[in-house]
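The following note sets out numbered points for a colleague reviewing this entry. Each point concerns one region or one kind of contact.

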2 protein chains.
Amino acid sequence: MSSALLEQLIDALRVLPGVGQKSAQRMAYHLLERERAGGQRLAAALSEAIEKIGHCVRCRDFSESEVCPTCASAARDAHLLCAVESPADRLAIEQATGYRGLYFVLQGRLSPLDGIGPRELGLDSLVARLAEGEVQELIIATNPTVEGEATAHYLAQLARQHAVKPSRLAHGVPLGGELEYVDRGTLSHAFGSRTEV
Amino acid sequence: MSSALLEQLIDALRVLPGVGQKSAQRMAYHLLERERAGGQRLAAALSEAIEKIGHCVRCRDFSESEVCPTCASAARDAHLLCAVESPADRLAIEQATGYRGLYFVLQGRLSPLDGIGPRELGLDSLVARLAEGEVQELIIATNPTVEGEATAHYLAQLARQHAVKPSRLAHGVPLGGELEYVDRGTLSHAFGSRTEV
């Protein structure tokens with residue numbers, strides 16, 4: 001390598017998900033050849049974001065203020081609380097649906113083998129929130145994986161203990177999908193849970 | 001989006017080649033969730049590299065010093081000069097071959113329609129270099145594209161004008177490839193340029 005700084009940059013770029021040696025090289029050369037201003041902007045944005053973005057004390061989502069804008073907003077329906085595994089899931093729901101309630105971001109899922117229990121997911125603060133009495137429905141939007149389902153089961157129990165109605169995202173055939181290519185488990189579930197039209 | 005800084009970071013990440021909105025989101029969340037230290041290292045490395053890396057005055061490759069370590073090295077054979085289009089090509093040759101000569105990085109290829117002529121490729125300094133009389137062979141390693149071939153032709157003429165022997169990378173069937181899948185042009189060329197064994 002012709003420059004130690006270049007080598008250091010390529011190495012540092014590999015911290016990005018899905019970026020190996022070759023992609024990191026390509027990125028470094030691209031930035032140095034054609035995007036120096038953009039690269040400087042990226043360095044500044046990255047440094048500022050890492051320094052200033054923490055977690056909202058209410059919903060545990062990323063936030064630069066103590067309480068995030070969503071939790072602080074008077075326009076959101078505080079009777080509805082939607083529990084998601086990650087900030088990306090929260091964003092996906094916010095962008096795709098017209099949901100106007102609040103969120104709770106678990107930042108993970110129950111996984112005893114990895115040492116992730118109720119405490120790591122901040123469930124004590126969720127319990128305190130449910131106990132406040134304002135939440136009427138807990139929409140459980142964990143991923144449909146084994147660990148996500150276990151987490152959903154646990155959350156539903158918590159909700160019932162506090163007289164809050166738990167609900168779960170509907171499972172079934174994806175819109176625009178072809179039955180032929182839908183996996184067996186999903187098809188069988190969709191068949192069993194068919195609805196009257 | 002729950003945070004303006006997060007939005008700004010996602011936007012800034014899109015400057016990377018091949019990174020769209022979704023990948024940028026994934027990268028930002030990954031860095032904030034799991035790699036804050038790595039992210040800070042990346043920000044620092046990026047900012048330092050962009051600030052300090054310029055071009056070597058001899059070979060036009062990226063370099064943090066005026067003359068890059070390769071050009072300054074007494075161990076390299078100054079009779080051989082290899083012209084490549086980009087720093088990435090130079091690196092590929094350096095890593096794959098046992099080449100011990102020097103390089104000249106064009107930082108592009110002749111492309112009159114895009115306003116890239118001999119001056120943009122630094123060919124005046126290449127001519128000065130050839131005129132010094134030390135170089136005996138100019139190895140032309142431009143890409144086998146139309147523009148790369150045109151550039152190679154031009155460089156070969158320059159070399160001959162200064163009594164320097166021009167040479168070109170061999171074309172043919174890639175090692176480990178299957179004849180069945182080699183494109184027609186390459187196969188026809190390889191057939192025509194067959195060598196006695």
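1. E132(A) has a relative accessibility of 48% and therefore counts as partly exposed; buried means under 20% relative accessible area, exposed over 50%, and partly exposed in between (1.4 Å probe, protein chains only). E132(A) forms a salt bridge with R58(A), with 3.4 Å between the closest N and O atoms. A salt bridge is here a side-chain nitrogen of Lys or Arg within 4 Å of a carboxyl oxygen of Asp or Glu. The pair links distant parts of the chain, 74 residues apart: E132(A) belongs to the loop between helix 6 and strand 5 (137-141) of chain A, and R58(A) to the loop between strand 1 and strand 2 of chain A. R58(A) is partly exposed too, at a relative accessible area of 30%. Helices (H or I, at least four residues) and strands (E, at least two) are DSSP runs, numbered from the N terminus.

2. On provenance, this is a predicted model, in which local features need pLDDT of at least 70 and side-chain atom pairs count only at pLDDT 80 or more, while totals for chains, interfaces and linings use all residues. Residues are numbered from 1 along each chain as its sequence is written, chains are lettered from A and ligands numbered from 1 in the order in which they are written, and side-chain values use heavy atoms, with hydrogens and water left out.

3. A second salt bridge to note joins E137(A) and K165(A), whose closest N and O atoms are 3.9 Å apart. E137(A) is in strand 5 of chain A and K165(A) is in strand 6 of chain A, so the pair ties together parts that are 28 residues apart in sequence.

4. Within helix 3 of chain A, K52(A) and E48(A) are four residues apart, about one turn of the helix. Their side chains meet in a salt bridge (3.2 Å, N to O). K52(A) is partly exposed with a relative accessible area of 45%, and E48(A) is partly exposed with 28%. Over all chains, the structure holds 16 salt bridges.

5. How many salt bridges does the rule find across the interface of chain A and chain B? The number is zero. The count of residue pairs in polar contact between chain A and chain B is 10 (both at pLDDT 80 or more). A polar contact is a pair of N or O atoms within 3.5 Å; within protein, one must be able to donate a hydrogen and the other to accept it, and residues adjacent in sequence count only if both atoms are side-chain atoms.

6. Between them, chain A and chain B bury about 4,900 Å², of which 70% is on carbon and sulfur atoms; buried area is the accessible area (1.4 Å probe) that two parts lose on being put together, summed over both. Helix 1 (4-13), helix 2 (21-34), helix 3 (36-52) and helix 5 (87-96) of chain A each supply at least two residues of the side of chain A that touches chain B. The largest share of that side, 15 residues, comes from helix 3 of chain A. In total, 51 residues of chain A are in contact with 50 residues of chain B, where contact means heavy atoms within 4.5 Å.

7. E85(A), in the loop between strand 3 (77-84) and helix 5 of chain A, counts as buried at 2% relative accessibility. A polar atom of the side chain of E85(A) lies 2.9 Å from the backbone nitrogen of N143(A). Leaving aside residues up to four places away in sequence, E85(A) touches several residues, including V105(A), Q107(A), R109(A), T142(A) and G148(A).

8. Two backbone angles deserve a check. Q107(A), which is not a glycine, has a positive phi near 55°; Q107(A) is found in the loop between strand 4 (101-105) and helix 6 (123-131) of chain A and is partly exposed at 24% relative accessibility. R60(A), also not a glycine, has a positive phi of about 65° and is placed in the loop between strand 1 (54-55) and strand 2 (62-63) of chain A.

9. V146(A) lies in helix 7 (residues 146-161) of chain A and is exposed, with a relative accessible area of 73%. The C-alpha atoms of V146(A) and L110(A) are separated by 9.9 Å, with the two residues 36 apart along the chain.
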